[in-house]
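This briefing describes the structure shown below. It begins with the surface and overall content and then turns to helix packing and individual residues.

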Amino acid sequence: MNKKLGHLIIWQHAPLLIGMLILFIALGAWTGFRMNQHWQMLDQNHDMLISGLKYDHRRQQYQDVDGLVAPSKQQYLNQYLQVYHADRRGLLANLRVGSNVEPNDFLWGISILVGIALIAIPRYRHQNEWLQSLGFRRAAIFGATFLSYSLTTIIAYSLAKLMVLLVQNIPGIYFAQFNWWVWGGNVISTTLVALILMTASALVLLVTPNLVMAMLVGYAIVKPISWFVLIRSFGQPGNYLLAFLNQHWLLGIAIGCLVWGLGGILGRYLSAQQITERNHQAILLPAWRVPMLIGLSIILTKLITDVMLAPQTSWSYVAVVWSATLIGLIAWIYQPRWSRYFWQVVRQLR
């Protein structure tokens with residue numbers, strides 16, 4: 001990366017980058033406080049924790065439904081309440097009592113907004129045009145901006161996870177089996193998901209200036225992306241894919257890194273095709289109209305059926321929703337003659 005370009009990018013985006021660091025550190029401290037409260041609740045409800053224990057007379061040991069064994073109830077409690085140790089794959093990762101309380105969804109929502117800011121702020125403040133006037137190419141500008149935001153996200157997430165540990169007020173005995181590899185794996189997993197979400201929302205904004213579409217796409221891919229890299233925080237896997245990835249966590253991380261890297265390369269390619277005069281069009285790159293039409297119709301249909309219809313919705317209802325969604329997207333992307341009056345009204349209301 002050109003050093004002069006890098007310095008200019010950091011100078012332009014410094015308030016937002018510093019704000020990201022402060023925000024994530026604050027969220028990490030808040031998360032640690034919440035986890036401490038939840039841990040104290042578990043520590044004070046021993047009867048609930050040992051209610052599912054069964055005593056194996058042949059082996060003379062206790063065992064819970066997850067397979068955690070201990071020679072006595074007290075030692076079971078000591079193991080169960082341990083923080084970040086290898087057998088539990090998480091901070092307090094027994095999902096039966098809802099003890100995995102890290103607010104990753106909230107953090108990932110912010111990551112989607114960071115990806116939007118990566119494109120939207122330079123676009124609407126015309127920062128990239130100024131950099132182009134200095135002789136820098138669009139692809140190089142995107143690459144430097146993408147790298148700056150990615151490094152800030154990595155640092156911010158790492159500090160947030162570290163703050164979780166620093167602010168906890170849990171007795172030292174429950175850190176006796178603390179495993180840095182498990183904690184580090186959790187940091188790598190959540191950070192990689194954040195980077196992919198940031199990249200996805202940025203890519204959508206390179207194709208369309210619609211902020212809502214970028215947020216919807218980011219929301220839609222959270223679950224499938226987290227399948228590949230967050231297995232260490234999920235406890236027991238629920239299907240064969242998760243069971244496989246649970247045994248091959250590094251493979252999931254490699255796939256996630258590949259997706260992130262390819263997203264950065266695609267971003268450079270798309271940014272090189274940007275034309276300022278197209279900023280008021282629904283789709284900025286004409287060649288992407290059909291892919292966006294198909295992709296957005298599938299995503300919106302899935303979201304609508306999940307939120308508004310019953311889980312056992314028949315395929316006929318799904319087809320109706322998809323057809324209506326497709327018609328709406330065609331009207332938005334292509335703006336045919338029959339829809340032009342509607343869009344004129346929308347522009348006037350703005």
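The protein exposes about 18600 Å², of which carbon and sulfur atoms supply 65%; accessible areas come from the Shrake-Rupley method with a 1.4 Å probe, and for residues only the protein chains shown count as cover. This is a predicted model, in which local features need pLDDT of at least 70 and side-chain atom pairs count only at pLDDT 80 or more, while totals for chains, interfaces and linings use all residues. Residues are numbered from 1 along each chain as its sequence is written, and side-chain values use heavy atoms, with hydrogens and water left out.

**Overall content**

- The secondary structure comes to 13 helices and 3 strands; helices (H or I, at least four residues) and strands (E, at least two) are DSSP runs, numbered from the N terminus.
- Of the 350 residues in the protein, 47% are buried. Buried means under 20% relative accessible area, exposed over 50%, and partly exposed in between (1.4 Å probe, protein chains only).
- Among contacts between residues at least 6 apart in sequence, 73% join residues at least 24 apart, where contact means heavy atoms within 4.5 Å.

**Helix 1 and helix 6**

- The axes of helix 1 (residues 3–43) and helix 6 (residues 138–166) come within 8 Å and cross at roughly 20 degrees. Axes are lines fitted to C-alpha atoms, for helices over the stretch in contact, and angles run from 0 to 180 degrees between N-to-C directions.
- Helix 1 and helix 6 are therefore roughly parallel to each other; angles under 35 degrees count as roughly parallel, over 145 as roughly antiparallel, 65 to 115 as roughly perpendicular and the rest as oblique.
- Helix 1 passes helix 6 in a right-handed crossing. A crossing is right-handed if the near helix is turned clockwise from the far one by less than a right angle, and left-handed if anticlockwise.
- By class, the contact of helix 1 with helix 6 has 22 nonpolar, 8 polar and no charged residues. Ala, Val, Leu, Ile, Met, Phe, Trp, Tyr, Cys and Pro count as nonpolar, Asp, Glu, Lys and Arg as charged, and the others, Gly among them, as polar.
- His13 lies in helix 1 and is buried, because its relative accessible area is 3%. Leaving aside neighbours within four places in sequence, His13 is in contact with Pro122, Gln127, Thr145 and Tyr149.

**Helix 6 and helix 10**

- The axes of helix 6 and helix 10 (residues 249–272) come within 7 Å and cross at roughly 145 degrees, and helix 6 passes helix 10 in a right-handed crossing.
- Residues making this contact include Phe142, Gly143 and Phe146 of helix 6 and Trp260, Gly264 and Gly267 of helix 10.
- By class, the contact of helix 6 with helix 10 has 6 nonpolar, 5 polar and 2 charged residues.
- Ala140 has its place in helix 6. The C-alpha atoms of Ala140 and Arg268 are separated by 7.3 Å, although the two residues are 128 residues apart along the chain.
- Ala140 is in contact with Leu5 and Arg268, leaving aside its neighbours within four places in sequence.

**Helix 7 and helix 10**

- Helix 7 and helix 10 pack at an angle of about 25 degrees, with their axes 9 Å apart; they are therefore roughly parallel to each other.
- The crossing of helix 7 and helix 10 is left-handed.
- The residues of the contact of helix 7 with helix 10 divide into 15 nonpolar, 8 polar and no charged.
- Leu203 is found in helix 7 and is buried, with a relative accessible area of 15%.
- Leu203 and Gly263 are 60 residues apart in sequence and 7.4 Å apart in space, C-alpha to C-alpha. Not counting residues up to four places away in sequence, Leu203 touches Gly263, Leu266, Gly267 and Leu270.

**Loop residues**

- Asn169 lies in the loop between helix 6 and helix 7 (180–207) and counts as exposed, at 58% relative accessibility.
- Asn169 touches Asn36 and Gln40, not counting residues up to four places away in sequence. Asn169 and Gln40 are 129 residues apart in sequence and 9.3 Å apart in space, C-alpha to C-alpha.
- His126 lies in the loop between helix 4 (104–125) and helix 5 (127–133) and counts as partly exposed, at 46% relative accessibility.
- His126 has a positive phi of about 60 degrees although it is not a glycine. Most residues other than glycine have a negative phi.
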